[in-house]
Amino acid sequence: MKAESSKLGQSSKSAKRPAEDEVIDFFAISSPLKRPHTSGSSSRRTIEEPIVIDDDDDGDEEEDYDEEAAYYEAQYGMIKKMEMRESRPIKVVAGETDQLEERDVVQGKLAKLDSEMNDVRAEIEPLQTLLHTLQSERDQLESRLAVLHRQPVVAKKPQIQTGPSRSAIDYQTNSFPWSDAVIPRAKFIFDIPAFRLCQAGVINAAMDGRDIVCVMPTGGGKSLTYQLPAVMGEKGMTVVVSPLLALIWDQVRALKEIGVEAAMLTGSTSKDEQNRIFQKMERGGGSGEKELRVSCALPPEKVSKSKRLMSVLEKANSGKRLRRFVIDEAHCCSQLGHDFRPDYKQLSALKAHFPNVPIQAVTATLSSKTLPDLLKILRLGPLTDGRSAKPTGTVYFTAPLYRPNLHYRVMQKPSSAKATIEVMGEWILNHHAAESGIIYCLSKKDTETVADALREWSNSDIKTGVYHAGISEEEKEQIHLDWRAGKIDCICATTAFGLGIDKGNVRYVIRKLTSQMAKSLDGYYQETGRAGRDGQDSDCVLFYRGQDATKLAGHVCNDPDGTGKLREMLRFAQDLQTCRKVAFAKYFSASANLSANAWDNAAALDSSTSAGSLTTCGSCDNCTRDEANVETRDVTLEAWKLLRVSGEVLNQGGRLTVSALAKLARGGGGGSFSVAEGKGKKKKATGEGNVDLEELVGGKVTLNEDDTERLIIELLLSDHFMETYSSTAYTTNTYVAPGPNALRLSRLTAERIEEGMGTRIQRSFLRVEKKARKVGEGKKKGEGKKGGEKKKRSRKEVVNIAADEGIEDVDEEEDEQYGEFEDDQ
Ligand SMILES: Nc1ncnc2c1ncn2[C@@H]1O[C@H](COP(=O)(O)OP(=O)(O)OP(=O)(O)O)[C@@H](O)[C@H]1O
C-alpha cells in the first residue's frame, strides 16, 4: 500500500505516522547543499525541495531546527557535520515483519525503476548517436573551414612529371621522322583523313617505342592509336589483349576487311587454327605468306598461362618481330576500378618476360585511384606528360571524356512492364524510327521478352534482335551482319553486347536502371559510349524508377565501393535540374581526382582552365526541360510521415520495400501491412501488421506514388533512410528502414514540423511533361520512316499484347523472375 504521506510536494509536517501494518515506502532524502525547507510552514515546498519525513511525528521542532541549521553550516563549509547527520539512519517505525515486506516492495520498486530507466536509456541512445553524428559532421566542417582559411584552393592533379625540360618531347607535334608518312597511311588503310583528340600524340609515342597509358572517351578512336603504328614499318607484330570475345571478333573482322593481316586467339579457337596462327607468329612473313601484324588474344589463359603462346612470343621477340603489347580496356586491371577482372593481374608477366617490348594501355575510364594500380600491375614506369615527355617513363595521354553529340535524358519508367514497353516503343518511333539503337536489358530472358513485346507492339515497325552470352557464335555473327545491313534496327542485349561494337550510326542507347552496368556512373558512361561514334547527334536514355534501382543495392551490398557508386548513379537519375554534362564532369573530376575539365577540355591536366567543363550542354533533359514542368516544394512533413511509418513498421517487426512503404504511407496496403481506416472504423489487420495513419501521423502522405517513391530515394541518399537486406537462396532483397539521420526529423512532433522546425526538405518533382525543346534528337516526331503514319495502339491493346506475351508487372515479381543477374559477360 502506498503511504500517501510520502508523495512529492506533500509537507513533512503533514506526513502522518503510518499505522502498524502500513508499509512505509519512502526514505527521507536530503541534500547537504540544498536547503531542506525554509519556512516554518512546510506547505510551501516546491518540487525541487527534498522530502523529509519526520517519522516519529513527535513535533520535535528542535530536530527540525538542527537539520535546518546543518544546511546553513554546510553552505558555509561545514559539510563534514552534515555528512554525519546524513549517514544517520532514518527512523522507521514499523515491526520487523513489516520491514521484511517493505524490503520486498522496495526491491520491486527498484526493479521497476531500473526497467523504466533502461527504457529511457534506449530512447536516449539513438539521440546520443545522432548527436555524435552531428558533432562529427560539425567537427569535419570546422576542420575543413580551418584548412580553407589557411590555404588557397588548389585543384588536385595526378602526379605526372611535366616539363619544361630541355630534353622534353612534345609528341603532339609532327616533327618526327615518320610524321610525313602517318596521315597518308591512315588515309590509305583506315580511310581516316585527320587525327582527332590526342591520337597524333599517342601514335607518335608508339612509333617512338614508348610505354603508353592513353585515356580517351568511348568511340574516341583508341584503336587507331595502336592499329596504325602496327601497320607502319617493315615488319613486326602487335599483340592486343582484350577482355571480351565480341571485342576481339569485331576488331579482327574490321582489320581483315581493310586488308590487315590479323588473327584471333580465344578460348574457342580450334586446335588446328591455333597451330596455324602460332606457326605464323613464329615464322613472320616470307615464302609468299603475309606477316601477321595484329594478333588479338583473351587474357589470361591465352597470354600468361599458355606456355606455347609464351614460347611463340619469345621466338618472335628474339627475331625482333614483337613490336608492342596493347592492353585494351586497361581499367579492368585494377581492383579499385568499376570493372575489375582478376585475369588482368596475370598481365604482370608481360613486362617480366619481355622488358624490351613496349606496353600501351588504353581505356575510356581511369581514375587516379586505379592509375597507380595499373602501373604497378603492368610494371610500367612513372607517368610523364605526352606534351612534354621525359625520355624515360610511361607517356600519359588523356582526352576530354565529354562527347557533345550524346544527349542524355532520364525518363520515368512506369511501374508495369507493359506500360514500359509502350513508353519505350513510342519514344523510339517518335525519335529514331528505322534507326539503329540498343536497349540494354537486365537478363537473357529480359532481352527476349523486350524484343518480342516491342516487335509485337509496333507491328514490326521496330525490327528487334536479341544478343546475349547464351546465343551461339553463328547467331551472334548473323546478328552483327543483320544489324550492319539494317535488317535489325534495335538490338535488345545484355552487357555482353557493347564493348568493341564499332557501329558508327547507333542513334540511341536505352537502359533500364535495373542492370549490371548501370550500377555505377562509370559503367553507364561506358555503355552509352556505344551511341554516336560517327560524331552525329544521338540519345542516351535511362529509364528510371527508384523502386527498381534499390533492388540493385542488394547486388552490391557486399562490395565496399558498390553502395557508394550505386548512390552516385541514383543521384544522377533523381536529379531534375543539374545539366548531365556538368553532373558527369563533377563525378569524374571527383572520382578520378582530376581537374573537372578532364571532362571536356583537351588541356585536361591544366587545372587553371577548369572552368570550361562546368558550362552546361544545353541539350540534355535538364537543360531543355520547361521550368514549368518541375515543381519544387517543401516536403518536410511528408518526409516526417514516411520516417514515422517506416519506424512504426520496424517496431512491429516488419520491413518494407520502397514501393511498399510508398503504398502504405499513401493509405494502401504496404507489403504485409494494412492501414487502419481512421478513427472509429478501424479495419482489422489482414496482414502481419496494422498502421493507423490517422493516429500515427495525422493522415496519409498526399504525394502521388511516383513522387512518394522519389522522395523515399532522396531520403535514402540523405541518410534519413538506409537499406536493409534479406537474402533468399536466389536473391538479396532490399528494404528501407530509418537511417542515421532519421531522428533529425522523426523526433519532432507534426506541429513542430508544421511550425518550420527541423531540417527542411525541399525536393523537385516532375509535373506533366509539356512539350520540351528538342535539341539534338534525331528524327523528330513523324519524320521517321514510318513514324509519321504510325497507327498508335491504345493502351488497352498494348496491355493485351503484353499479357499474351506473358509480360508480368515488373514491380514486385521481378525479384523472383529476374532476381539473379545472369553471368552474361
Ligand atoms: N581521326 C578519326 N577521324 C574519324 N573517325 C575516326 C578517327 N579515329 C577513329 N575514328 C572512328 O571512330 C570510331 C570509334 O573508334 P574506336 O573503335 O577506335 O573507338 P574506341 O576509342 O576504341 O572506343 P571504345 O572505348 O568504345 O572501344 C571508329 O569507327 C573509327 O573508325
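What is the handedness of the crossing of H21 and H23? The crossing of H21 and H23 is right-handed, a crossing being right-handed if the near helix is turned clockwise from the far one by less than a right angle, and left-handed if anticlockwise. The structure is a predicted model, in which local features need pLDDT of at least 70 and side-chain atom pairs count only at pLDDT 80 or more, while totals for chains, interfaces and linings use all residues. Residues are numbered from 1 along each chain as its sequence is written.

Helices (H or I, at least four residues) and strands (E, at least two) are DSSP runs, numbered from the N terminus. Two packed helices are described by the angle between their axes and the distance between the axes. Axes are lines fitted to C-alpha atoms, for helices over the stretch in contact, and angles run from 0 to 180 degrees between N-to-C directions. For helix H21 (residues 658-665) and helix H23 (residues 705-717), the axes come within 9 Å and cross at roughly 125°. H21 is therefore oblique to H23; angles under 35 degrees count as roughly parallel, over 145 as roughly antiparallel, 65 to 115 as roughly perpendicular and the rest as oblique. Val658, Ser659, Leu661, Ala662 and Ala665 of H21 meet Glu705, Thr708, Glu709, Ile712 and Ile713 of H23, contact requiring that C-beta atoms, placed from the backbone, lie within 7 Å. This contact of H21 with H23 comprises 6 nonpolar, 2 polar and 2 charged residues. In this classification, Ala, Val, Leu, Ile, Met, Phe, Trp, Tyr, Cys and Pro count as nonpolar, Asp, Glu, Lys and Arg as charged, and the others, Gly among them, as polar.

H23 also packs with helix H17 (residues 562-574), the two axes coming within 11 Å and crossing at roughly 140°. H17 is therefore oblique to H23, and the crossing of H17 and H23 is left-handed. Here Arg567, Leu570, Arg571 and Gln574 in H17 meet Arg710, Ile713, Glu714 and Leu717 in H23. The contact of H17 with H23 has 3 nonpolar, 1 polar and 4 charged residues.

Turning to the sheets, 8 strands form an open sheet with parallel pairing, in the order E3-E4-E2-E5-E6-E1-E8-E7; two strands pair if DSSP finds at least two bridges between them. Strand E3 (262-265) and strand E7 (383-385) are the edge strands, each pairing on one side only. From one strand to the next, the twist averages 20°. Within this sheet, strand E5 (residues 322-327) and strand E6 (residues 359-363) pair in the parallel sense over 3 bridges, and Ile327 has Ala361 in E6 as its bridge partner. Helix H11 (residues 370-378) packs on the sheet, touching strand E1 (212-215), E5, E6 and strand E8 (394-398), and its direction makes about 150° with that of E6.

Another open sheet, of 6 strands, has the order E9-E14-E13-E10-E12-E11 and parallel pairing. Strand E9 (406-412) and strand E11 (464-467) stand at its edges with a single partner strand each, so one side of each is left without a neighbour in the sheet. The twist in this sheet averages 20° from one strand to the next. Strand E10 (residues 436-440) pairs with strand E13 (residues 506-512) in the parallel sense over 5 bridges.

Around the ligand there are 19 residues, of which Arg196, Thr218, Gly221, Lys222 and Ser223 come nearest; a residue is near a molecule or strand if its C-beta atom, placed from the backbone, lies within 6 Å of it.

Note on methods:
Two residues are in contact if their C-beta atoms, placed from the backbone, lie within 7 Å.
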